[in-house]
Amino acid sequence: MRVLRIHPKDTISIRQQMLRPGRPIESCIYTGDDDEQTFHLGAFVDTKLVSVASFYFEKHPQLSPPYQYRLRGMATLSEYQRRGLSSELLKMAFPIIKQNLASLLWCNARLTAVGFYEKVGFEKVSEPFTIPDIGEHILMTKKIEIE
Ligand SMILES: CC(C)(COP(=O)(O)OP(=O)(O)OC[C@H]1O[C@@H](n2cnc3c(N)ncnc32)[C@H](O)[C@@H]1OP(=O)(O)O)[C@@H](O)C(=O)NCCC(=O)NCCS
């Protein structure tokens, strides 16, 4: 398995399959995908891209640290799940976020994925809330230590 930086367009197929099944391709293109400070990571098994995650320099209005990154589009193809691939993507992301001087990573976690985020060091910081057409979520954060 290898983790590499990937182009925004390479995230779309896995996003569509795992996060927006049956929804149009346009719904899988997120605001900020092409921004300079955004980065996208992919895990490859042999030469096949099987897991993706995207990181946006974006402050959450209710969270106080001035420099924050947002995690979106975290997904691993079903047959490759529970092999540590998403964890590896995050391990590669933390130092990049730190290098960009952000001290917090946040995400709107689907309730079904909260256990995963807790395993990789996120904490729940909100009550559940509904994102229309997608479902129940919880705001979760992970501190990124900057010396
Ligand atoms: C959530 C998801 C991204 C996790 O990807 P993954 O590659 O399977 O994750 P990992 O294998 O790195 O898991 C790391 C740890 O979390 C655990 N874990 C994974 N998914 C979990 C879940 N849904 N609930 C509880 N624990 C979970 C793993 O067992 C592993 O535990 P371990 O360290 O004790 O072995 C993947 O299940 C997925 O794509 N789900 C569908 C899309 C989705 O819901 N994405 C999140 C949107 S907010």
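Where is Gly121 found?

## Gly121

Gly121 lies in the loop between α3 and β6 (123-124); helices (H or I, at least four residues) and strands (E, at least two) are DSSP runs, numbered from the N terminus. Gly121 is partly exposed because 15 other C-beta atoms lie within 10 Å; a residue is buried with 20 or more such atoms, exposed with 12 or fewer, and partly exposed in between, with C-beta atoms placed from the backbone. Its C-alpha atom is separated by 18 Å from that of Thr76, 45 residues apart along the chain.

## Basis of the model

This is a predicted model, in which local features need pLDDT of at least 70, side-chain atom pairs count only at pLDDT 80 or more, and totals for chains, interfaces and linings use all residues. Residues are numbered from 1 along each chain as its sequence is written.

## Ligand shell

The ligand is surrounded by 20 residues (C-beta atom within 6 Å, placed from the backbone). The closest are Thr76, Gln81, Ser86, Ser87 and Gly115. Two or more residues each come from β4 (68-76), α2 (85-99), β5 (104-110) and α3 (114-119).

## Nonpolar core

The largest nonpolar core has 27 residues; such a core is a set of buried Ala, Val, Leu, Ile, Met, Phe, Trp, Tyr and Cys residues joined through C-beta atoms within 7 Å. Ala53, Phe55, Leu89, Ala93, Ile97 and Met140 touch the most other members. The largest share, five residues, comes from α2.

Ala53 touches Leu41, Leu71, Gly73, Met74, Ser86, Leu89 and Ala93 (C-beta atoms, placed from the backbone, within 7 Å), leaving aside residues up to four places away in sequence.

Key. Contact = placed C-beta atoms within 7 Å.
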